[in-house]
Amino acid sequence: MMNFNWASIALLSCCLLLIALPSCAGERSLHTPEILGENSHSGRDQFEIERQEMVEYQIRARGIQDQRVLAAMSKVPRHEFVESPWKDFAYSDRPLPIGHQQTISQPYIVAYMSETAEISPDDKVLEIGTGCGYQAAILGEIAKEVYSIEIIPELAARARQTLSQLGYENIEVKTGDGYQGWVEHAPYDAIIVTAAPEKIPQALIEQLATNGKMVIPVGGGWHQDIIVLTKTEDRIIKEKTIPVRFVPMRRKLLK
Ligand code: SAH
């Protein structure tokens with residue numbers, strides 16, 4: 001009976017999401033129920049309350065344990081990364097539009113990818129798909145240096161501005177094609193990819209440090225799996241983890 005109820009709510013959330021968002025990024029495919037009807041206040045304190053609830057009910061309750069990731073998710077003001085009409089939904093359990101048919105990932109997915117990459121305070125991290133810069137900010141809290149690449153120039157410019165207004169000095173954003181990586185700063189201790197290629201780009205494997213981890217959604221169309229790639233001294237280990245739905249990784253730099 002319990003399962004049936006959850007399934008119905010999940011199905012309803014899924015339908016609402018499909019109506020509201022023509023394309024989604026960074027969403028777990030196995031839908032979990034949304035927390036609806038709690039976003040009507042937009043005061044500063046209300047955002048703080050909603051952020052702590054997000055961490056408890058969407059992130060900690062689903063098994064994220066890394067204290068540094070939990071602290072970062074509790075701290076970074078997600079509502080500053082979305083535009084006015086969406087601010088009241090910033091802490092809800094879903095991706096949201098950020099313009100140019102792109103979306104900010106569901107909070108749980110951001111936490112999951114950040115934890116899975118096993119990032120240490122001294123690490124240098126590469127992110128592909130800056131979007132609005134939210135995932136980059138979380139990485140900026142838990143790593144030493146973050147390099148992030150975005151293919152849509154307007155999104156890269158806006159992310160740069162938001163991140164600088166929030167005071168992040170350890171995050172660099174460039175407009176470019178993530179398939180090439182960012183060779184000048186390689187090797188990276190971790191690479192997080194937030195758009196889905198059909199197969200793992202070779203340049204990214206090459207730019208990953210020995211003992212580094214890459215967390216990347218892989219697959220054609222709208223359904224992919226997160227692959228965790230570990231590079232050891234003599235081999236590459238790939239592990240398929242959760243099913244997700246990200247925007248496809250594009251091949252061309254957009255004007
Ligand atoms: N991490 C983002 C959400 C990612 S949405 C956040 O926190 O908001 C995926 C992003 O990947 C989009 O902004 C899209 O424009 C970008 N993207 C798609 N293909 C890309 C490519 N080849 N190189 C770099 N960025 C790409």
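Leu 96 belongs to strand β2, which spans residues 96-99; strands (E, at least two residues) and helices (H or I, at least four) are DSSP runs numbered from the N terminus. The model is predicted: local features need pLDDT of at least 70, side-chain atom pairs count only at pLDDT 80 or more, and totals for chains, interfaces and linings use all residues. Residues are numbered from 1 along each chain as its sequence is written, and side-chain values use heavy atoms, with hydrogens and water left out.

**Leu 96**

- Leu 96 has a relative accessible area of 1% and is buried (under 20% relative accessible area, 1.4 Å probe, protein chains only).
- The C-alpha atoms of Leu 96 and Val 82 are 7.9 Å apart in space, and the two residues are 14 apart in sequence.

**Ligand contacts**

- The ligand has 27 residues around it, of which Glu 127, Gly 129, Glu 150, Gly 178 and Arg 250 come nearest; a residue counts as near if one of its heavy atoms lies within 4 Å.
- A side-chain N or O atom of Glu 150 is 2.6 Å from an oxygen atom of the ligand.
- A backbone N or O atom of Gly 129 is 2.9 Å from a ligand nitrogen atom.
- For Ile 151, a backbone N or O atom lies 3.3 Å from a nitrogen atom of the ligand.
- On its own the ligand has 580 Å² of accessible area, and the protein covers 100% of it (Shrake-Rupley method, 1.4 Å probe).

**Ligand site**

- The ligand sits in the largest cavity, meaning that more than half of its atoms lie within 2 Å of the cavity's grid points. A cavity is a set of points, on a 1 Å grid over the protein atoms alone, where a 1.4 Å probe fits but cannot get out.
- Two or more residues of the shell come from each of β3 (102-104), β4 (124-128), α6 (134-142) and β5 (145-150).
- β3 gives the largest share of the shell, 3 residues.
- The shell has 13 nonpolar, 10 polar and 4 charged residues (nonpolar: Ala, Val, Leu, Ile, Met, Phe, Trp, Tyr, Cys and Pro; charged: Asp, Glu, Lys and Arg; polar: the others, Gly among them).

**Buried helices**

- Helix α6 is largely enclosed by the rest of the structure, because 8 of its 9 residues are buried; among them are Tyr 134, Gln 135, Leu 139 and Ile 142.
- Helix α5 (residues 107-116) has 9 of its 10 residues buried, so it is largely enclosed by the rest of the structure. Its buried residues include Pro 107, Tyr 108, Met 113 and Thr 116.

Terms used:
Polar contact = N/O pair within 3.5 Å; in protein donor to acceptor, adjacent residues only side chain to side chain. 1 Å grid on protein atoms, 1.4 Å probe; cavity = no way out; pocket = protein on both sides within 12 Å on 5 of 7 lines; lining within 4 Å. Buried < 20%, exposed > 50% of the residue type's maximum accessible area, 1.4 Å probe, protein only.
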